[in-house]
Amino acid sequence: MRFFSLVRGELWALKRNRRILMFVVMMLGMAAIYALDAQDSATFLPVVLIVSIYAGVWQMTVNSLVEEKERRTLEALLVTPARPLEIIGAKAFTGIAFAVLLCALLLLVFRQPPEAPLVLLLGVGLAIGFATASGALIGIVARDLRTSSLYRTPVLALLVGGTVIPWQESGWAIAEVMRWLPTRPVQELIWGGWTGAPVPLAQYTAVMLAYTALLLAVGARILRQQATSG
Amino acid sequence: MIQLINVTKRYGTVTALTDLNLKIHEGETFGLLGPNGAGKTTTLRLVAGLARPTEGQVRVAGLDPWERGDAVRRQMGVVLDGGLLYNDLTVWENLLLFAGLFGVSERAAHDALVQMGASDLKNRLAGKLSKGQRQRVALARAILHGPRLLYLDEPTSGLDPLATDELHRLIRNLRSQGVTILLSSHDMAEVEALCDRVCILQRGRMVACGAPAALKAEHGPSLTDAFIQLTGRAQ
C-alpha cells in the first residue's frame, strides 16, 4: 500500500516533468533519424537504447532521490511509516517502468522486427537492471545534485564511450578494459537480438548480473549504515 | 506522552545532546526553545525514531521510537520548517500521497483540508502557494491520520501577522482536541501565547524548563529576556 502510494506520487510528479518530456522527444527524434538508414540500424539501435536506458533511468532515480534530499522533502517522508527501502524502491520501479516504455517506443520507431526478440529483451532487461542499481547507489551516496553530477557524469561518459567508440581498433590494453565495461555485454546482446548474430548469452548475462548484484549489495550496505548510524 | 531519560546523543565526536531529561504530558503544548545547534532537531529525530540515543532512553506513548519507529510515527504528525511540500504536486496530491503512507482514506485527507480551511486550495500546485497557505496545507497533511502528537518546527516563520494569527487559531483548535503539541520556535511571543511549558536548550543541555510565567518571574521581565539571560549565561 505504502509502496503504491509512493509510486503514484512519482507518476504525478513525472507527468509535470518537462525535462523528462524533452528527453523522450529528443531520444525518439534521434531514433527516427537513425532509423532512416535501415542498413546501419543494427549499429545505431544498441547505442540509442543504451543511452536512453542509462540517461533515462538515472534521471528518474538519481534526480528524484537527490532532489528530495535537496528540497528536504525526504525528511517529511522519513517521519511517516514509509521505510527508506520503500522510498528508493518506488523511485526505481518508476524508473524501470519509464525505461521499458521508452525502449518499446524506440523499437517501434526502428520499425523492423528483431531477429531474436528474447535476446534483445534480455539485453534491455540487463541494461535496465544495471542502470537502476547504479542510479540507486548514486542517489543514496550523493548529497545534492552537484555531487550526484560529479559521480554520474564520468561514469556515464565511460559507459557511453564504451558503446560508441570503436574500441576494438584500439590497442590491446584499452580493448581489454572496454571489454569488461557493463555497457559492452548489453550492447552485444541487443545487437545480437536485433541481427540474430550469435552472442555468448550465459557469459554476458553472468557479467551483467554480477555488476548489478555488486551495486545493489553496496547500496544496501550504505543504506543500512545510514539508517543505523542515526 | 514523551519521556526522555538521561538522554545523550553523540554524532562521532560531536555531542548534540547531553543528559537530557524531559517529560511531556498528554494534551500539553510544550515549547522547545534554543539557538541554532542547541539540539532541537536532534530531539525531534530521537522522538521520531530517526536517531538512537547514545545513552539514556526515549519513550513515546510508552514505546521505544528506535525499536518501534513505525508504530510511533503512526501517532505523530510533523510540520517541518518551510512546510516541505512537493512543489510539483497539487495540494490534493500532496495530501493523498501522505494519506496512502498512513493508510487512511481520501475522506480523512479531505476532512483535514477542510479543518485547516484550505479546501479552496485543493487543485493548486503546492509550488504556487504563499507561505501562509503552504503552512496550512502542511498542517493539514500532518493531521490527516489523526495523530496524538504533533511536532511543529518554526510553524509561523516568515508569515505575516494575519497568517500567523490564523495558524495560532488552528493550533489552539488542535490542542483543544487533546493533541499533544511539541513546538520548536524562535518566536518568544508565539511560545508564550501557545505553550503550557517551555524547555530552553543551549548546546545540547537543558538550561531551564517550566511554565512561561514562571521563567519570566525567575529570569527576566519577558520571555525574551529570560531566554537571553539563560542562553547567554550558558555561553
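Reader: Hi! At what angle do the axes of helix α3 and helix α7 of chain A cross?

Author: Hello! The axes of helix α3 (residues 41–71) and helix α7 (residues 145–164) of chain A cross at roughly 170 degrees and come within 11 Å. Axes here are lines fitted to C-alpha atoms, for helices over the stretch in contact, and angles run from 0 to 180 degrees between N-to-C directions. Helices (H or I, at least four residues) and strands (E, at least two) are DSSP runs, numbered from the N terminus.

Reader: Before we go on, what sort of model is this?

Author: This is a predicted model: local features need pLDDT of at least 70, side-chain atom pairs count only at pLDDT 80 or more, and totals for chains, interfaces and linings use all residues. Residues are numbered from 1 along each chain as its sequence is written, while chains are lettered from A and ligands numbered from 1 in the order in which they are written.

Reader: Thanks! Back to those two helices: are α3(A) and α7(A) roughly parallel or antiparallel?

Author: Given that crossing angle, α3(A) and α7(A) are roughly antiparallel to each other. Angles under 35 degrees count as roughly parallel, over 145 as roughly antiparallel, 65 to 115 as roughly perpendicular and the rest as oblique.

Reader: Which residues make the contact?

Author: On α3(A) they include A:Val47, A:Tyr54 and A:Trp58, and on α7(A) they include A:Arg152, A:Leu156 and A:Val160. Two residues are in contact if their C-beta atoms, placed from the backbone, lie within 7 Å. By class, this contact has 14 nonpolar, 2 polar and 3 charged residues. Ala, Val, Leu, Ile, Met, Phe, Trp, Tyr, Cys and Pro count as nonpolar, Asp, Glu, Lys and Arg as charged, and the others, Gly among them, as polar.

Reader: How many helices and strands does chain A have?

Author: Chain A has 10 helices and 0 strands. Its radius of gyration is 18 Å, close to the 17 Å that the globule rule gives for 230 residues, so chain A is as compact as a globular protein of that length. The radius is taken over C-alpha atoms, and the rule is 2.2 Å times the number of residues to the power 0.38. The C-alpha atoms of chain A fill a box of roughly 55 × 40 × 30 Å along the principal axes.

Reader: And what share of chain A counts as buried?

Author: In chain A, 39% of the 230 residues count as buried. A residue is buried if 20 or more other C-beta atoms lie within 10 Å of its own, exposed if 12 or fewer, and partly exposed in between, with C-beta atoms placed from the backbone.

Reader: Let's switch to chain B. How many helices and strands are there?

Author: Chain B has 9 helices and 9 strands. Its radius of gyration of 18 Å is close to the 18 Å from the globule rule for 235 residues, so chain B too is as compact as a globular protein of that length. Buried residues make up 50% of its 235 residues.

Reader: Now helix α8 of chain B: which of its residues are buried?

Author: In α8(B) (residues 212–219), the buried ones are B:Pro212, B:Leu215 and B:His219. They cover an arc of only 60 degrees around the axis, which puts them on the same side of the helix. The arc is that of the directions from the helix axis to the C-beta atoms. The face of α8(B) turned away from the buried side carries the exposed residues B:Ala213, B:Ala217 and B:Glu218.

Reader: Is B:Gln202 buried or exposed?

Author: B:Gln202 counts as buried, with 21 C-beta neighbours inside 10 Å. This residue belongs to strand β8 (residues 197–202) of chain B. B:Gln202 and B:Ala38 are 164 residues apart along the chain, yet their C-alpha atoms are separated by 4.8 Å.

Reader: One last thing: what is phi of B:Asn6?

Author: Phi of B:Asn6 is near 50 degrees, a positive value in a residue other than glycine. B:Asn6 sits in strand β1 (residues 2–11) of chain B and counts as exposed, with 12 C-beta neighbours inside 10 Å. B:Ala61 also has a positive phi of about 50 degrees without being a glycine, and lies in the loop between β4 (55–60) and α2 (69–74) of chain B. With 17 C-beta neighbours inside 10 Å, B:Ala61 is partly exposed.
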